Amino acid sequence: MTEPPPFTVETAFPIRYAETDAMGIVHHASYIVYFEEGRSAYTRARGRSYAEMETDGYFLAVTEVKARYKKSMRYGQTVMVRCWLAEMKSRTLKFAYELVDADSGEVCVTGETSHICITKDGAVSRFPAGWLT
């Protein structure tokens, strides 16, 4: 028996000129910003925004970022960010991403970010009850 696919959130937006280099190709650092947009959309879809988590005194500190660049994206394309929760433990979690050309459906970038839950004073904490579940 196979496991059902994870809850996945998709969000799409046009690639802005400021995110590209002189050749109109998306700068590698911009893809990490796209991951963040995917995370934000994911948390909103789960019923709580990241801003609400911060108001409650909890923060997600990034501990690791991985990106695999398969094909360049360019100014004028529409990027669709697919994001899902790949792993969640009591104090850490990992998001996974696909950055897709919205017109062709081609996956251009894949990645993961790992996070740890901390409080305002930087102490490692368990996630608040019910968060992202």
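Trainee: Is cysteine 117 buried or exposed, and what is its relative accessible area?
Mentor: Cysteine 117 is buried, because its relative accessible area is 0%. Buried means under 20% relative accessible area, exposed means over 50%, and partly exposed is in between (1.4 Å probe, protein chains only). Keep in mind that this is a predicted model, where local features need pLDDT of at least 70, side-chain atom pairs count only at pLDDT 80 or more, and totals for chains, interfaces and linings use all residues. Residues are numbered from 1 along each chain as its sequence is written, and side-chain values use heavy atoms, with hydrogens and water left out.

Trainee: Thanks! How many disulfides does the structure hold?
Mentor: The structure holds 0 disulfides. A disulfide is a covalent bond between the sulfur atoms of two cysteines. Here it is counted as a pair of cysteine sulfur atoms within 2.5 Å.

Trainee: New topic: what order do the strands of the open sheet have?
Mentor: The order is S1-S3-S4-S5-S2, an open sheet of 5 strands with antiparallel pairing. Strands are DSSP runs (E, at least two residues), as are helices (H or I, at least four), numbered from the N terminus. Two strands pair if DSSP finds at least two bridges between them. In general, strands of a sheet pair through backbone hydrogen bonds, either parallel or antiparallel.

Trainee: And which are the edge strands?
Mentor: S1 and S2, since each pairs on one side only. S1 and S3 pair in the antiparallel sense over 7 bridges, and threonine 8 has tryptophan 84 in S3 as its bridge partner. Strand S3 (residues 78–88) also pairs with strand S4 (residues 92–101), in the antiparallel sense over 9 bridges.

Trainee: What about rings? How many aromatic pairs are there?
Mentor: A search of the whole structure finds 7 aromatic pairs. Rings of Phe, Tyr and Trp (its six-membered ring) pair if their centres lie within 6.5 Å; planes under 30 degrees apart count as stacked, over 60 as edge-to-face and the rest as tilted. One of the pairs is phenylalanine 13 with tyrosine 34, edge-to-face at 5.3 Å centre to centre and 70 degrees between the planes. That pair links distant parts of the chain, strand S1 (residues 8–14) and helix H1 (residues 28–45), with the two residues 21 residues apart.

Trainee: Why is the pair of tyrosine 31 and tyrosine 69 tilted?
Mentor: Their planes are at 50 degrees and their centres 5.4 Å apart, so the pair counts as tilted. Phe13, Tyr31, Tyr34 and Tyr69 form one aromatic cluster.

Trainee: Last one: which residues have the most contacts inside the largest nonpolar core?
Mentor: Tyr34, Met73, Val79, Phe95 and Leu99, in a core of 25 residues. A nonpolar core is a set of buried Ala, Val, Leu, Ile, Met, Phe, Trp, Tyr and Cys residues joined through side-chain atoms within 4.5 Å. H1 gives the most to this core, with 5 residues.
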